[in-house]
Amino acid sequence: MDGAFAREGLKGASAENTFGGAVSFLRRRYTKDLTGVDLAVTGVPFDQAVTNRPGARFGPRAIREASALQVYDPPWGWGIDPLSAVAIADYGDLAFDYARPAEFPAVLEAHVAGILAAGAGCIALGGDHSVTLPILRAHAAVHGPLALVQVDAHSDLWPDDDAARVDHGTFAYKAMREGVIDPARSVLVGGRTVVGDMLGVTDIPARTVHEDGPAAVAARVRDVVGDAPCYLTFDIDALDPAFAPGTGTPVWGGLASWQAAALLRDLAGVRLVGGDVVEVSPPYDSAGITAVAGAHVAMELICLWAWARGLR
Ligand code: MN
Ligand code: MN
């Protein structure tokens, strides 16, 4: 029991009761020691940049709790077992002063830079979508300009040239303008809100996923990304509100969870260097289904990361 602090190694499944014990992500060891860690999962409980409903600060806790059901067996459909093949640690949540939101981006960037400097990969659990910009900056400092795969109802490309603003709807705009993202290698999947200028990003709306199917869309995404270092950010509002009601800015007409599962699985082969799942807002969730979706997305990100490194 209590693998979160009693686990001997960093690998292996867990037979711990899902409904009891200390809850870490995938029952991995909670640790700030990154020695021997391939992949660090960290929570970013920040939601002060939302335009509508708050609550994503509670996302990391809810996703950790939902993930407790995923550690009995390898994830379906992959043929690999990341729990055995990848040394994963729960690096805990970002510590920051909630009363200094202007300082938050730099604090988060340094947090992720520290993980990457230790030689580990990073998967982040948000938090609202503003958290992705500092995380992208940290990754681009290591890998250079990134291919961004953004799964989202919104492009988050609304113009915002004010460096002091922290806004979940403009993170992608700022990332493009700063050059941490290569728009020619980047793609938005699942969009269904109007934005004036896509800044060169390939746009694959939710309707295209519905009409062409996730396999065809995944093939297009792989074409756009090519062999560039790739970062995948999954805004849970990409899913239809029927599958993810617990989020801040829900929009109808979204992806079904099965479409997202097939899409992510079929992206195997992209050179994933990092990823996140954001905008899970438990206070607006029903029966925990949004947190379950978030935990599954995080597991798929781990599989994509492992696949890119040949960890089987
Ligand atoms: Mn978003
Ligand atoms: Mn969104």
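Predicted model: local features only at pLDDT ≥ 70, side-chain atom pairs only at ≥ 80, totals over all residues.

Residues are numbered from 1 along each chain as its sequence is written, chains are lettered from A and ligands numbered from 1 in the order in which they are written, and side-chain values use heavy atoms, with hydrogens and water left out.

**Metal sites**

Donors here are N, O and S atoms within 2.8 Å of the metal (3.2 Å for Na, K and Ca), and water is not among the atoms, so sites may look incomplete.

For the manganese ion (ligand 1) I noted His129 (ND1), Asp152 (OD), Asp156 (OD) and Asp235 (OD) at 2.1 to 2.2 Å, with the sequence spacing H-x22-D-x3-D-x78-D. Histidine 129 sits in the loop between S4 and H5 and aspartate 156 in the loop between strand S5 (147-151) and helix H6 (171-178), 27 residues apart, so that this pair links distant parts of the chain. Helices (H or I, at least four residues) and strands (E, at least two) are DSSP runs, numbered from the N terminus.

Which residue bridges the two manganese ions? I found that aspartate 152 does, the ions lying 3.2 Å apart.

I then checked burial, where buried means under 20% relative accessible area, exposed over 50% and partly exposed in between (1.4 Å probe, protein chains only). Aspartate 152 is buried at 0%, histidine 129 likewise at 0%, aspartate 156 at 4% and histidine 154 at 10%.

**The sheet**

I traced nine strands in an open sheet with parallel pairing, in the order S1-S3-S2-S4-S9-S8-S5-S6-S7, where two strands pair if DSSP finds at least two bridges between them. The edge strands, each pairing on one side only, are S1 (29-30) and S7 (202-204).

S1 and S3 pair over two bridges, and tyrosine 30 has aspartate 90 of S3 as its bridge partner. S2 and S3 pair over four bridges, with glycine 43 standing opposite aspartate 93 in S3. Five of the six residues of S3 are buried, so this strand is largely enclosed by the rest of the structure.

S4 (residues 121-126) and S9 (residues 271-278) also pair over four bridges, and cysteine 122 stands opposite glycine 274 in S9. Helix H2 (residues 59-67) packs on the sheet, touching S1, S2 (39-44), S3 (88-93), S4 and S9, and its direction makes about 110 degrees with that of S4. Contact means heavy atoms within 4.5 Å, and axes are lines fitted to C-alpha atoms, for helices over the stretch in contact, with angles from 0 to 180 degrees between N-to-C directions.

**A helix pair**

Last, I looked at H4 (residues 104-117) and H5 (residues 132-143), whose axes come within 8 Å and cross at roughly 40 degrees. The two are therefore oblique to each other, given that angles under 35 degrees count as roughly parallel, over 145 as roughly antiparallel, 65 to 115 as roughly perpendicular and the rest as oblique. Among the residues making the contact I noted Leu108 and Val112 of H4 and Ile135 and Ala138 of H5.
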